[in-house]
Amino acid sequence: MTAPGATRAPALGRAASRLLDSRWAGLAGLVLALLAPFVIATPYALSVMTSAAIFVMLASGLNMVVGFCGLLDLGYVAFFAVGAYTSGVLSTRLGLPLLATVPVVIVVTVIAGVVIGAPTLRLRSDYLAIVTLGFGEIIRITANNLDVTGGPSGIYGIPSLATSPVVFYYLTVVIVSVAVIGASRLGRSRLGRAWRFVREDEDAAEAMGVHTYKIKLAAYIAGAVWGGLAGVLFAGQLSAISPGSFTFLQSALVLMAVVLGGMGSTPGVVVGAIVISLLPEVLRDFAGYRFFAFGVLLIIVMLVRPQGLWPHRSREASS
Amino acid sequence: MGKSRIAAVMSLAAAVGLLTAGCGQGLLGGDSQAGDGKGPIVLGMLIPQSGSEAAIGPYMKNAADLAVEEINGKGGVLGRKLELKVADDACDAQTAVAGANKLVTEGVQVSVGGYCSGATLPTLPIFGKANIPMIIPAANSQELVDQHLKHVFLINGTGSQQATAAMAWITKRGAKSVALVHDNTSYSKDIAVRTQKLLDEPGGPEAAILEAVTPKESDYSANINNILAKKPDFVYWTGYFQEGGLIIRQLRQSGYKGAIMVGDGSVSEKLASIAGDAGEGVFATMTQTPDTLQGAEGWVASYTKKFGSAPGPYTNQAYDGVRLAAEAIKNAGATDGAKVIAALEGIDGFQMFSGPLKFTPDHTLSAGGFQILVVKSGKFALQDALK
């Protein structure tokens with residue numbers, strides 16, 4: 001169960017890693033999330049917690065692309081935007097309930113994943129990163145200029161999934177939990193092992209008979225669907241969406257959550273996402289200095305723990 | 001072993017949850033709406049303090065602080081002091097939603113903020129659900145009006161009022177063929193399209209062209225060529241000052257001799273400095289500002305003395321928003337949302353910078369108070385009050 005490196009660590013570190021490796025950590029996290037509204041249920045707290053949960057979903061989606069498969073994606077927010085806009089347009093123009101838009105959102109995000117992924121995944125590393133960055137901007141500028149997306153002022157009056165913020169929060173937590181578990185299970189499947197193989201050495205994987213292009217496209221599509229579904233929740237929570245919510249900064253923040261938490265580690269990414277989404281709210285009182293303090297804290301974390309807050313430990317006794 | 005571990009974790013978490021539920025903010029804590037009756041009346045203001053529009057925040061906050069101080073100096077409202085709580089919306093929907101919820105949690109009774117329309121839109125249902133009236137000082141996109149929400153009041157002039165003012169001046173100048181130029185943002189396009197509709201009515205001046213430019217470019221000669229090909233004798237730019245200054249300069253360089261007018265987003269001394277000499281004599285449609293309002297000198301002086309800088313964009317609207325909130329609470333005799341809304345609807349003739357206030361059924365100003373300014377030696381001065 002424990003990695004060999006951990007046995008050489010001092011006793012305290014060993015206890016800590018055993019705690020981190022515990023299978024119950026995820027369950028404890030879920031219970032914590034479910035009980036949080038009993039501690040504090042002000043509209044502010046619920047809104048912040050719901051945003052954090054949606055951000056967890058985004059980060060776990062990007063983790064499949066960046067963490068599992070090693071494809072650096074700087075335009076992940078494009079899928080978030082596609083999901084949010086698809087559900088927003090369908091629910092406001094056609095009067096559909098938000099839940100009914102989910103199948104369409106899945107189809108549209110899969111198409112978006114293929115359209116964006118098919119040409120770009122022939123590239124590697126830095127080149128891929130730059131092309132994805134471009135696609136992220138294209139989606140945002142398209143949304144800014146189309147009439148059906150409401151142009152720069154966006155779409156408003158999107159129905160929520162639930163009338164009460166508490167119910168919406170619980171619904172979000174349940175959906176996000178399923179998504180996180182799904183991403184984690186996918187990471188341990190045959191496909192997930194192929195992803196890791198591609199991440200470690202693409203040429204070796206190809207030589208061993210892994211169809212790397214298909215495998216990478218699968219990671220991209222899975223990430224796209226996760227991002228799109230997070231977009232539906234986002235639209236439901238805010239009731240109004242505009243291109244301003246889907247900037248490069250948002251992509252960078254999601255990537256930051258993945259790196260901060262520990263690439264490829266499911267609990268790490270969840271913790272990273274919660275930290276990234278809650279920290280600016282905790283620092284709200286600093287007003288103008290908010291993002292300065294945020295940046296300084298991030299630099300400190302990366303200096304002290306470059307492997308991430310909760311790094312991935314390989315279950316196979318290798319590395 | 002597994003089952004007992006689960007049980008242990010669950011029961012521990014449950015115990016923690018139940019213990020802290022006693023604090024009163026949790027789901028089991030019951031409704032403890034802060035503050036009806038005693039203590040200060042809390043006004044909430046959601047403005048950009050970080051992000052792209054961060055420069056506007058301090059102006060609006062200072063103006064609101066000034067109004068609160070003046071009202072408290074006169075004994076407050078209903079014998080209670082006013083208190084202003086400010087939250088950052090970063091001109092971003094998600095931050096604005098969190099900020100609005102924060103204000104609701106802090107027991108705000110009237111909202112007097114809202115600058116970016118995109119960030120203000122998603123906060124409407126939040127304040128609405130909490131039965132909090134909103135007096136929006138700056139944001140004025142048509143989407144805010146079109147929802148016909150009972151608790152939303154706009155005290156900035158609307159696009160259609162600005163278009164009407166523009167049309168009045170175009171007619172008065174005797175222009176024949178008008179080019180309308182906008183930057184494709186909702187605010188700018190709205191004014192241009194509404195002006196075009198007014199021009200399209202039979203008789204009077206005609207619309208020559210409706211031209212859209214891409215913001216943040218450094219060369220607009222392609223757009224200028226399109227405009228000049230139609231030989232207009234009047235150009236109306238409805239976007240912001242950065243592009244406006246360049247367009248004015250390039251129009252003059254290309255030999256355009258007719259009149260140029262800009263919308264309120266371009267009314268800034270920066271417009272004149274970017275356009276240089278070409279900016280002289282440019283007209284503008286603008287709401288009343290302390291600079292153009294007679295009798296406001298004292299206000300400008302006290303603002304400058306208190307904050308060490310002159311009033312800026314939307315200071316007067318933010319100031320009026322707080323005063324209007326106080327007036328409505330006073331008339332209602334209570335801070336209850338429905339009563340304050342009724343009081344706001346009933347207000348007639350309350351003196352503001354934009355003139356005596358009476359809301360239309362749409363909860364917008366019955367008169368936008370738009371005037372025509374002109375650039376004289378690098379500064380905007382009053383040309384015509386359009387009365």
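Predicted model: local features only at pLDDT ≥ 70, side-chain atom pairs only at ≥ 80, totals over all residues.
Student: What annotation covers residues 217-240 of chain A?

Tutor: The unreviewed UniProt entry annotates that span as "transmembrane region". The record also puts that label on residues 24-46, 52-82, 94-118, 167-186, 252-279 and 291-310 of chain A. Such an annotation may be inferred rather than shown by experiment.

Student: How do the ends and the helix content of residues 167-186 of chain A come out?

Tutor: The end C-alpha atoms lie 28 Å apart. That span is 100% helix and 0% strand.

Student: How far does the predictor trust chain A, and what share of the residues score at least 70?

Tutor: The pLDDT of chain A averages 85, and 90% of the residues score at least 70. Residues 1-9 of chain A are below 50. That stretch still has 12 contacts in the model beyond near neighbours in sequence.

Student: Which residues touch the most other members of the largest nonpolar core?

Tutor: A:Val56 and A:Met57 do, in a core of 158 residues. Helix H4 of chain A, residues 43-68, gives the most to this core: 18 residues.

Student: Why is B:His363 called buried?

Tutor: The cut-off is 20 or more other C-beta atoms within 10 Å. B:His363 has 23 C-beta neighbours inside 10 Å, so it counts as buried. B:His363 sits in the loop between strand S12 (355-358) and strand S13 (371-376) of chain B.

Student: And why is B:Ser377 called exposed?

Tutor: Exposed means 12 or fewer. B:Ser377 has 7 C-beta neighbours inside 10 Å, so it counts as exposed. Its place is the loop between S13 and strand S14 (379-384) of chain B.

Student: What makes the phi of B:His363 worth a remark?

Tutor: Most residues other than glycine have a negative phi. B:His363 is not a glycine, yet its phi is positive, about 65 degrees. B:Ser377 is not a glycine either, and its phi is about 40 degrees, also positive.

Student: Which residue takes a positive phi just after H12(B)?

Tutor: B:Gly308, at about 75 degrees.

Student: How do you know that helix H12 of chain B is hardly covered?

Tutor: Count the buried residues. Helix H12 (residues 297-307) has 11 residues, and 1 of them is buried. In chain B as a whole, 51% of the 387 residues count as buried.

Student: How many helices and strands does chain B have?

Tutor: Chain B has 14 helices and 14 strands.

Student: Where are the bounds of domain 1 and domain 2 of chain B?

Tutor: Domain 1 is 41-157 + 295-353, and domain 2 is 159-286 + 371-384, by the domain assignment. Their C-alpha centres lie 31 Å apart. The contact takes 4 residues from domain 1 and 6 residues from domain 2.

Student: What makes the domain 1 side of that contact polar?

Tutor: The side of domain 1 that touches domain 2 divides into no nonpolar, 4 polar and no charged residues.

Notes. Residues numbered from 1 in each chain as written. Chains lettered and ligands numbered in written order. Domains from an automatic or database assignment. Contact = placed C-beta atoms within 7 Å. Nonpolar A, V, L, I, M, F, W, Y, C, P; charged D, E, K, R; others polar. Core = buried A, V, L, I, M, F, W, Y, C linked by C-beta atoms within 7 Å. Helix = DSSP H or I, 4+ residues; strand = E, 2+ residues; numbered from the N terminus. pLDDT = per-residue confidence, 0-100.
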